[in-house]
Amino acid sequence: MKSRKLSSSPIVTGQCLCGAVQFEMEYPAFWAWHDHSRASRLAHGAVYATYVGTWRKRFRITAGEREINRFEEKDTGAVRSFCRRCGTPLIYERTRSRHMINVPRALFRSRTGRQPIYHIAIEEMQDWAYAGDPLVPLKGYPGVFCKRSKKKSRAQEARLSASIRSSCA
Ligand SMILES: [Zn+2]
């Protein structure tokens with residue numbers, strides 16, 4: 001997040017949802033991973049977060065620095081930055097690696113040079129995470145797909161509405 005000019009390495013860019021915060025990173029990133037931990041799940045409001053990690057000196061905020069708020073996790077000391085206008089998670093700084101910063105993969109406009117082949121806290125993966133199961137279109141709801149299931153559990157069956165039952169059985 002230094003304001004000095006970056007080297008001549010290729011640059012990839014990204015932004016938050018509202019666009020107030022813009023950033024750039026030297027390509028390629030150091031690594032990328034899926035984070036299944038409870039803290040990241042809550043911070044993102046998603047089943048897991050996918051991060052791109054890079055050296056701090058290879059990352060720079062190019063616009064909207066004043067729109068960034070920081071939240072420090074009391075038990076770990078980790079700092080999570082987010083856009084105060086739209087709430088998009090921006091930077092995750094872990095105490096164990098102070099020279100690295102982590103940015104949600106989804107915020108980048110293009111490839112980052114690293115595939116997320118690693119998993120952190122995989123033991124916390126939620127049973128409601130989509131695991132690539134085959135899907136079928138939901139009749140009467142364009143653009144909505146549901147898991148093809150030949151044998152539904154009683155609990156699942158109870159939750160399904162009559163229309164979904166008839167369309168996806
Ligand atoms: Zn924003």
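Is Cys86 buried, exposed or partly exposed? Select Cys86: at 26% relative accessibility, this residue is partly exposed. (Buried means under 20% relative accessible area, exposed over 50%, partly exposed in between, with a 1.4 Å probe and protein chains only.)

The model is predicted: local features need pLDDT of at least 70, side-chain atom pairs count only at pLDDT 80 or more, and totals for chains, interfaces and linings use all residues. Residues are numbered from 1 along each chain as its sequence is written, and side-chain values use heavy atoms, with hydrogens and water left out.

Next, select the zinc ion. Its protein donors are Cys16 (SG), Cys18 (SG), Cys83 (SG) and Cys86 (SG), 2.3 to 2.4 Å away. (Donors are N, O and S atoms within 2.8 Å of the metal, or 3.2 Å for Na, K and Ca; water is not among the atoms, so sites may look incomplete.) The angles between the four donor atoms run from 105 to 113 degrees, so the arrangement is tetrahedral. (Four donors count as tetrahedral if all angles lie between 85 and 135 degrees.)

Now trace the chain. Cys18 sits in the loop between strand E1 (11-15) and strand E2 (22-26), and Cys86 in the loop between strand E7 (79-83) and strand E8 (89-93), so the pair ties together parts 68 residues apart in sequence. Cys18 is partly exposed too, at 35% relative accessible area.

Finally, show the whole protein chain. Look for three helices and 12 strands. (These are DSSP runs, numbered from the N terminus: helices are H or I, at least four residues; strands are E, at least two.) Of the 169 residues, 36% count as buried.

Methods
Tetrahedral: all angles 85-135°; square planar, octahedral: opposite > 155°, others 65-115°.
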